[in-house]
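Subject: Structure handover

Hello,

Please find the structure below, followed by notes on what was found in it.

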Amino acid sequence: MKIEGKQMIWKEYQKEIASDNFFYVRSCVRQNFFPGSEKTFLRIMRDELQKDVFENASHTTCSGIGYHSDIVPIETTMTMIARQFALMTEAGKENFTTSCITSFGLYNEVLETWHHFPDVEERVRQNLLKATGRSFNKPKNISHASDVIFHFRKEIADRGKFTLTDHRTGKPLRVVEHIGCHYSKMFPSKGVGGAEYPYVLAGMIEDWGGEVIDYPERRHCCGFGFRQYLVKANRGYSIACSKKKFESMESYSPDMILTNCPGCPMFLDRWQYAISEMEGKTYGGNGQGIPVLTYEELAGLVLGYNPWDLGLQVHQVPVEPLLDKMGVPYDPGMKFKGANGEDLGMPEAPSYLNFYPETA
Amino acid sequence: MKDFGYSINKDKQIDFDDNNKEVMNKVLRMEPSLQVCIACGSCTATCSAGQFTGFNIRRVHTFLRRGEVRFLKKEIMKCMFCGKCQLVCPRGVNLRNLILALHNSLEINGL
Amino acid sequence: MNKPVVIIGGGIAGMEAAACISAKGREVILLEKTGQLGGHLLQWDRLFPTRRKSSEVLRHLEKGMNDGISVHLEAEISGIENNNGVFIVKLSDGREFEGSALLLSTGYSVFDARKKEEYGYGIYDNVITSAELEEFFRNNRQENLLKGIKSKRIGIVHCVGSRDEKVGNLYCSKVCCITGVKQAIEIKELLPESEIYCFYMDLRMFDRHFEEMYYEAQQKWGIHFIRGRMSEAAENADHTLVVKVEDTLTGLPLKMTVDILILLVGFIPSPETARLAGMLGIDSGEDGFLIVEDEHFASNSTSIPGVFISGAVKGPVCIEHTITDARAAALQVLSYLDSEIAKWRNSETVK
Amino acid sequence: MTNLYQQLSQDIRFIEGMKACLNCGTCTAICPAAEFYDYQPRKIVDTLQSKDEAAIEALLKSDTIWYCGECMSCMTRCPRGNAPGMLIIALRSLSQELGYFVESEKGRQQLAVKRTVGEWILKYGYCLYPSQISPENHPEQGPIWEWEHKNIEGVMNRLGANYEKTGPGILRKIPQEALDEIRAIFEVTGGMDRYDKIEEFSRMKAAEMGLDLKEGMDNDYIRHIYTTNSPKHSRDHED
């Protein structure tokens, strides 16, 4: 592998990322499964970097999951998106940043359609006006929240308390990244680094001290496939896709999987559990899984935030092995406690996946 | 093992590295003319068995060459050995012998 | 109209046209931007379908270089003026040449395989181009390339940079199919134990003896052909490559590990051609190659009287056809000059 | 006689996704669905390109068009600028418009998607909502989700959510005016029509199949479409 070759491609795909005055929209999946990640994003942006990130309580889903599982027609989705733009316009913002990759892909896709078919844009404007009385300007800059973290990765490293290195040996941790299909597969120029060798996560890993591990099925979909997970009968496909990735990365013994999309970390986390329950197979050695993190969670760890503030306790694959390697302190007794230390009980231990390392 | 209400889908992708090339090599030794097949499909177009069943001799040969032999045994039973395939082949491939050699090698390999 | 003919580009077309024009008694100035005549011939080892050494063809072309041709190497052109059919060609080092006709034979460039990002050229250790393989053969360094290979499985990818809107090239580069077949045979000769797989969409064996060579590749050498355009390559930890392709003849996706992947890189219009065409005001087509006056009957002249083109500036072409085209161009140049002389004589008579 | 090809070619996704296919298979080679189902994006484009009405009708009524996961990996690679994944969106739209989706096992599942994600969008303003993601329907979410689900308020509070409360924040209660706007958008742009069609055609199909179909998820038809997975979809079937 020649890194210069990748660097050359990365140079080709530089995208403009706004650095302040954002209009932030949340993700359906991330709010449900990784609420701590969105919290952390805002904490980093507002508290660490003193940036203006505005959220309007009235914004909603873009309906992307509905659109890509084909129950919501394109006209409806375009108008839902137009409404988000209208809220941005009303807030006096021009830089749109989204927590979700499906949304990010759709925003780009819809703008591309409007660019080629101005009559479609006009129709959407009329529909939005009719339905809500609102009108909108198109954003000047659209970013995925990971673009923004990428943009500030050096600032984060500068303030960092921990690095992606094994604190006992000083060696860089081995990280595999998973980008999420809709980040740049549809429009390579909209993603940092393009579609084939995206740099958005690789750049964070490099600057935070880790080593990016390339593996053959790096580009493969996690298997969400919208309807392919939403309907139980189809989940054999969904899990098979993730399994293909685990089998491909296993021999590289990665210390963690870093993800971009909200859905992928949930699937890469949960399918490790399901595979262990179905086949007794685990991928991290010694009955452990490979910890799966969102980029917000990782940024939070680097900055020295409490792992349980980041939401690392709601992962099915325990993250403690990674925390131990990085030397991040944590209080096992507080892992499953409530905000004021109240007792919320403990999750059951899975049959094969080593969930409570201290009792193993 | 826990029942989730579904099982992990098996891969349909041809995994050439893991596939059975033994049968392919054996058949190619028995009938070297197969090497010059250009996959034009003349054989399949004229095939008597193909008119009445799903038999596709061009595909049977391609599957053999990719080491996908698991369902060939069932397939080759459909051939009636009329020999029209051989008559029309622009490269003179002995296609009847493909089927005979396949019968033979699949048997030997217990497939 | 009695000035020499200026030929820009000392590759196959330029050399052959120079020889033909000069054989008819016309003085020729041959400008070559590099330090050596021969163009792409200098890069290849053996040629399809004859397997003749490239150097042999070059020697033959060199025989045509006589006293009537003044060759100027390292000729970097900085400007061209057209004064009513008298062309003044200026070089960046101050040299200047005048001619009554101009022949542009600046050829093509080889497609930069890095643009097909998904094949990993320039990133993965064992992905090389067909042009590089020729270099290995020329310098007898193939052992270097092939040493340490375990299973000796080699993949050859057709249409790299050709027939591909993603890289902006919709056209077929013509020669890659037969080059792939030739190189597959050459590797088999060196490594009889190797398994070779060609991944193709169509095998365009357009010329004489090509189909026969394809037949030989299958029949004598057991080279495999899988119909499907390669979608991506990825590197394994041991530096072998996993390739993904649809075997379209079974309708199934297929993956296979190969030790080396050879990319059959196609033609692209050379930036130098575009620069000179811009100076002269010759139009290029959507594919970037230059437009001729008439596809059938004036296939070497352009919209500018006195300016002619030959060889790969017009699009992908093999060596044999380049030589034929250069001769046709020479004939068109000579007829043009004769008719100019006739016109001048007529006008003199009228006076 | 309606011309299906003409109807498809009105769809913006069809216009964007359909150029001219040269059957190279670069899409199928990396298609995740092609790896696990009898599905080739190449064949989809080729069938459409043939403009064969009978073949297109068969496609609209088949399981085939429902195998795709819309990951759009095909779009990255096509050397002719086609986007098979976009064509799938157009095919699925038309299949639902015409009621053909109920003719296939995978197509019938649309009602389950509509009754979950589809209704959650209107009710909660988001495609997913934690109280609705039940551990019994989502066993793969594991013990961690069972624990979260049981302690949803405590967990969300711990992680800084604004769960079911007003104002901005994670999993906040979306203001009623905003939900009204979403509903109005669905009314104006055909979203509600799509929902109604999915319901109506499914009701007819349920009657035909003799399965009970009531509101919500707790009925025979929904259970049937949500869990039925015929062996014909898997490779075991071929072996």
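**Notes on the model**

Chain B has 7 helices and 1 strand, where helices (H or I, at least four residues) and strands (E, at least two) are DSSP runs numbered from the N terminus. This is a predicted model, in which local features need pLDDT of at least 70 and side-chain atom pairs count only at pLDDT 80 or more, while totals for chains, interfaces and linings use all residues. Residues are numbered from 1 along each chain as its sequence is written, and chains are lettered from A and ligands numbered from 1 in the order in which they are written.

**Chain B**

In sequence order, the pattern of chain B is β-α-α-α-α-α-α-α. The C-alpha trace of chain B spans about 55 × 30 × 25 Å along its principal axes. Of the 111 residues in chain B, 32% are buried (20 or more other C-beta atoms within 10 Å of the residue's own, with C-beta atoms placed from the backbone). Among the contacts in chain B with a separation of 6 or more, 69% join residues 24 or more positions apart; two residues are in contact if their C-beta atoms, placed from the backbone, lie within 7 Å.

**Contacts between chains**

Between chains D and A, 73 residues of chain D are in contact with 76 residues of chain A. The chain D side of this contact has 38 nonpolar, 23 polar and 12 charged residues. In these classes, Ala, Val, Leu, Ile, Met, Phe, Trp, Tyr, Cys and Pro count as nonpolar, Asp, Glu, Lys and Arg as charged, and the others, Gly among them, as polar.

Chain A also touches chain C, with 15 residues of chain A in contact with 13 residues of chain C. Here the chain A side has 6 nonpolar, 3 polar and 6 charged residues.

One helix pair joins chains A and D. The axes of helix H5 (residues 74-90) of chain A and helix H13 (residues 176-189) of chain D come within 9 Å and cross at roughly 145°. Axes are lines fitted to C-alpha atoms, for helices over the stretch in contact, and angles run from 0 to 180 degrees between N-to-C directions. From H5(A), the residues A:Glu75, A:Thr76, A:Thr79, A:Met80 and A:Arg83 meet D:Glu181, D:Ile185, D:Phe186 and D:Thr189 of H13(D). By class, the residues of this contact are 3 nonpolar, 3 polar and 3 charged.

**Domains of chain A**

Chain A is assigned domain 1 (19-145) and domain 2 (147-338); the bounds come from an automatic or database domain assignment. The centres of these two domains of chain A, taken over C-alpha atoms, are 25 Å apart. In chain A, 30 residues of domain 1 are in contact with 32 residues of domain 2. Elements giving two or more residues to the domain 1 side are helix H2 (28-33), helix H3 (35-48), helix H4 (64-68), helix H6 (101-116) and strand E4 (141-144) of chain A. That side has 12 nonpolar, 14 polar and 4 charged residues.

**Domains of chain D**

For chain D the assignment gives domain 1 (4-106) and domain 2 (107-229), with 27 Å between their centres, taken over C-alpha atoms. In chain D, 11 residues of domain 1 are in contact with 11 residues of domain 2. Helix H8 (84-97) and helix H9 (105-108) of chain D each give two or more residues to the domain 1 side. The largest share of that side, 3 residues, comes from H8(D).

Regards

Key: Buried ≥ 20, exposed ≤ 12 C-beta atoms within 10 Å, placed from the backbone.
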